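Please open the structure in a viewer and keep the selection tool at hand.

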Amino acid sequence: MAAGVAAWLPFARAAAIGWMPVANCPMPLAPADKNKRQDELIVLNVSGRRFQTWRTTLERYPDTLLGSTEKEFFFNEDTKEYFFDRDPEVFRCVLNFYRTGKLHYPRYECISAYDDELAFYGILPEIIGDCCYEEYKDRKRENAERLMDDNDSENNQESMPSLSFRQTMWRAFENPHTSTLALVFYYVTGFFIAVSVITNVVETVPCGTVPGSKELPCGERYSVAFFCLDTACVMIFTVEYLLRLFAAPSRYRFIRSVMSIIDVVAIMPYYIGLVMTNNEDVSGAFVTLRVFRVFRIFKFSRHSQGLRILGYTLKSCASELGFLLFSLTMAIIIFATVMFYAEKGSSASKFTSIPASFWYTIVTMTTLGYGDMVPKTIAGKIFGSICSLSGVLVIALPVPVIVSNFSRIYHQNQRADKRRAQKKARLARIRVAKTGSSNAYLHSKRNGLLNEALELMGTPEEEHMGKTTSLIESQHHHLLHCLEKTTNHEFIDEQMFEQNCMESSMQNYPSTRSPSLSSHPGLTTTCCSRRSKKTTHLPNSNLPATRLRSMQELSTIHIQGSEQPSLTTSRSSLNLKADDGLRPNCKTSQITTAIISIPTPPALTPEGEGRPPPASPGSNTNVPAVASNVVKVSAL
Amino acid sequence: MNLEGLEMVAVLVVLALFVKVLEQFGLFEPVSLEDSVEDEFELSTVCHRPEGLEQLQEQTKFTRKELQVLYRGFKNECPSGIVNEENFKQIYSQFFPQGDSSTYATFLFNAFDTNHDGSVSFEDFVAGLSVILRGTTDDRLNWAFNLYDLNKDGCITKEEMLDIMKSIYDMMGKYTYPALREEAPREHVESFFQKMDRNKDGVVTIEEFIESCQKDENIMRSMQLFDNVI
């Protein structure tokens, strides 16, 4: 229940007047207002700054320091005020939380100081309102990252004790700065990548003429040298890949990662070339494979932070790029179609088909303007100029879009995730509060009835399980209790409801055999008759149970035979007993599921049997009696 | 499409672009299709101040301190000084997490809003509470009758009672024991009419209501509950 609304509880209770004339049962007694003291001002002295507020304001949140009796520890007898030796600035926010129900985060405040204060006053930071939540989360994340960075750099200096050889190797690969060997390895591989790329480039340069033949590229002139270089590089790369594969903590994940795929693609052509014969047909494909050697340049991304960031940018802007591509494609198709039809009439036009016009459109829109395809008709020229003008607009957009999109999408994702997490947490909190308040009611009802039943049974050694609830809570529970009495139905929680539904559907089964058994006789006008109808149909159900057991039916029938037939008692106490009799039934029926026994019919049929009701699940004396009456008939 | 047609289209397109450019220079006024929407004058910008404490003390049976406490709670939830129906429903629903209390809250709202102007001010609020919490049993029964009589014609018909009953049962929600059936409100209404409707004419008048309630011990006793609410 929200704190501010607690002030409206008297109104809600007054509104219950609408239920009174309609109710058929007497209402429960209202909780007595034991300490009916007037609302008083209390003084909170925080490091010399005095705050004053009503006592009830603070009591809105009883699970915090100020709302509970914990603040009595800080009570100063001499000055009759509560003294806290804490920051008064942050206390302002804390007190406003009690007053308004919303917790704000001041921007000028340090995040860890704020967190400390909240922890002291027992307030969870998740309650921070929407207006300040983003700021709070951002600052917290920055702080956490900074702490993590500090920790990392600390860890890098100290030597980690007892890492396995494999783990040290992996660390060496990922962080070249951990040891000199790693650094050496890092530079060596970098050097060889550079060498490999340069040889790939150089071997296609024409190298001067061999006397007696045409100009040859260097690769063919010094083929042996180049082959040796290539072999050396591939050896290094292969060894590196295998070492990484060995050291990887999760080999499967490593194989699937982008960098390892690049590694594989970079060295595959060499091996494929080794195993392939000098077949003419195949060598064409082999030449194509050599193209993939250029992928070795991507191996530099392990060495360059900038490349990695670029890759991440493109990946994160993938959807924006995709949309841009799509809109460009649309524009290209439109203009190509128009140009084709516009130029159809002119003689010897280069616009032979729409796909042929694509080239013109792309070249014009990107403002390249090669001039190999030029419109000649007036319509073509008009549309061509429109095409180039729109091209300027469409093409000039991507660059700032990518740049701004990167920061926008990145931050937006963070914000959306945060807000989603907060929303989930908030919904969960609301749900928990709702179930908490309804569960609190059910729990207190159980405890209240338990206490009364225990009193009736006269077992003083059982301790009272009821915990002290606040006055507001007891009044709220009384209100819900009145509603129950008015409608002759009770609040239960979800699991119980499902269970009851299941049981009622199970109990429908024996109804086909005994016509006297009718599931849920329905709401009757008096409470007493409701209980009696529930009790009366059970003895009947036991008869088919015995029959069923012998016939080995194909279902599991759970029949609670432990209903107390205490019709002789007075009406008001019947309500109490019946209430708690039902709930422990659910419990006891769960306890005794393994027992299969034939109920002794004489034990059940007499209605006036003065058996004490099985009040509490803890009372052992009743369990055997109960057990004998619970029949679980299960069949193969 | 032949060439001439396409040329016509091209010329039209050029003309359209030309018009757009002229619009930029402000020579052509664009035709506005909708008028600017004025801001809604929200009810919450109206600030309502209640009458003085002395007057309220005279009009109701609360003490000064009680009025102060009530007003503080009221003002906290409704800083504008009046409650509209939405607000009312939302406040009331916080007390019944399991069910849907909006219908019953509407009926309550109509009962509190004595001058039927769509909003409950602090005076209305306190007047209603004064009857319920500090009034005589007859006053309370009168108030309850007023609540049930939805169209305020002096008698409760079965339909009105059925609406009220349904709204009360709605507040219980889905998870109840025993499970709520469709006919439960109707049966309850039948039993209510059996008890209250003396002359069996299908409606319950105020006299029948008060008379029947006074005969019923449970109802009388439950009316005493309201003495200690505040």
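## First stop: Val204(B)

Select Val204(B), which counts as buried because its relative accessibility is 0%. The model shown here is a predicted one. Val204(B) belongs to strand E5 of chain B, a strand that covers residues 203-205.

Which residues does Val204(B) touch, once those up to four places away in sequence are set aside? Display Phe145(B), Gly154(B), Cys155(B), Ile156(B), Phe193(B), Met196(B), Asp197(B) and Phe209(B), and the set is complete. From this set, take Gly154(B) and draw a distance to Val204(B) between the C-alpha atoms: the two are 8.7 Å apart in space and 50 residues apart in sequence.

## Chain B as a whole

Eleven helices and five strands make up its secondary structure. Chain B has 230 residues, and 42% of them are buried. Of the contacts in chain B between residues at least 6 apart in sequence, 57% join residues at least 24 apart. The accessible surface of chain B is about 12700 Å², and carbon and sulfur atoms account for 53% of that surface.

## A helix pair in chain B

Next, select residues 102-112 of chain B, which form helix H5, together with residues 158-170 of chain B, which form helix H8. The axes of these helices come within 7 Å and cross at roughly 130°. H5(B) is therefore oblique to H8(B).

Which residues meet where H5(B) and H8(B) come together? On the H5(B) side, show Thr103(B), Tyr104(B) and Phe107(B). On the H8(B) side, their partners are Asp163(B), Ile164(B), Ser167(B), Ile168(B) and Asp170(B). An α-helix has 3.6 residues a turn, so residues three or four places apart point the same way.

Proceed to Pro178(B), which is placed in the loop between strand E4 (176-177) and helix H9 (184-196) of chain B. Most peptide bonds, by contrast, are trans.

## Across to chain A

Chain A has 636 residues, of which 39% count as buried. Among contacts in chain A with a separation of 6 or more, 67% are between residues 24 or more positions apart. The accessible surface of chain A comes to about 35100 Å², with 63% belonging to carbon and sulfur atoms.

Begin with helix H7 of chain A, residues 180-202. Its 23 residues reach 33 Å from the first C-alpha to the last, close to the 33 Å expected at 1.5 Å a residue. Colour the buried residues of H7(A), among them Ala182(A), Thr189(A), Gly190(A), Ile193(A) and Val197(A). Then display helix H6 (165-174) and helix H9 (223-247) of chain A, against which the buried residues of H7(A) pack.

Continue to helix H11 of chain A, residues 258-275. H11(A) has 18 residues and reaches 26 Å from its first C-alpha to its last, close to the 26 Å expected at 1.5 Å a residue. Where in H11(A) does a kink lie? Centre the view on Met268(A): a kink of about 35° lies there, shortly before the proline Pro269(A). Pro269(A) is one of the buried residues of H11(A), which also include Met259(A), Ile262(A), Asp263(A), Ala266(A), Ile267(A) and Tyr270(A).

## Loops of chain A

The last stops are in loops. Select Ser346(A), found between helix H14 (318-342) and helix H15 (354-365) of chain A. Is Ser346(A) buried or exposed? Its relative accessible area is 16%, so Ser346(A) is buried. Apart from neighbours within four places in sequence, Ser346(A) is in contact with Lys376(A) and Thr377(A).

Ala348(A) is also found in the loop between H14 and H15 of chain A. Ala348(A) is exposed, with a relative accessible area of 75%. Its phi is positive, about 55°, although Ala348(A) is not a glycine.

Finish at Lys80(A), placed in the loop between strand E3 (75-76) and strand E4 (81-84) of chain A. Lys80(A) counts as exposed because its relative accessibility is 56%. Phi of Lys80(A) is near 60°, a positive value in a residue other than glycine. Most residues other than glycine have a negative phi.

Note on methods
Residues numbered from 1 in each chain as written. Chains lettered and ligands numbered in written order. Predicted model: local features only at pLDDT ≥ 70, side-chain atom pairs only at ≥ 80, totals over all residues. Heavy atoms only, no water. Helix = DSSP H or I, 4+ residues; strand = E, 2+ residues; numbered from the N terminus. Buried < 20%, exposed > 50% of the residue type's maximum accessible area, 1.4 Å probe, protein only. Contact = heavy atoms within 4.5 Å. Areas by Shrake-Rupley, 256 points an atom, 1.4 Å probe, with all protein chains shown as cover. Expected span 1.5 Å × (residues − 1). Bend = angle between axes of the 7 residues up to and from the residue. Axes fitted to C-alpha atoms, helices over the stretch in contact; angles between N-to-C directions. Parallel < 35°, antiparallel > 145°, perpendicular 65-115°, else oblique.
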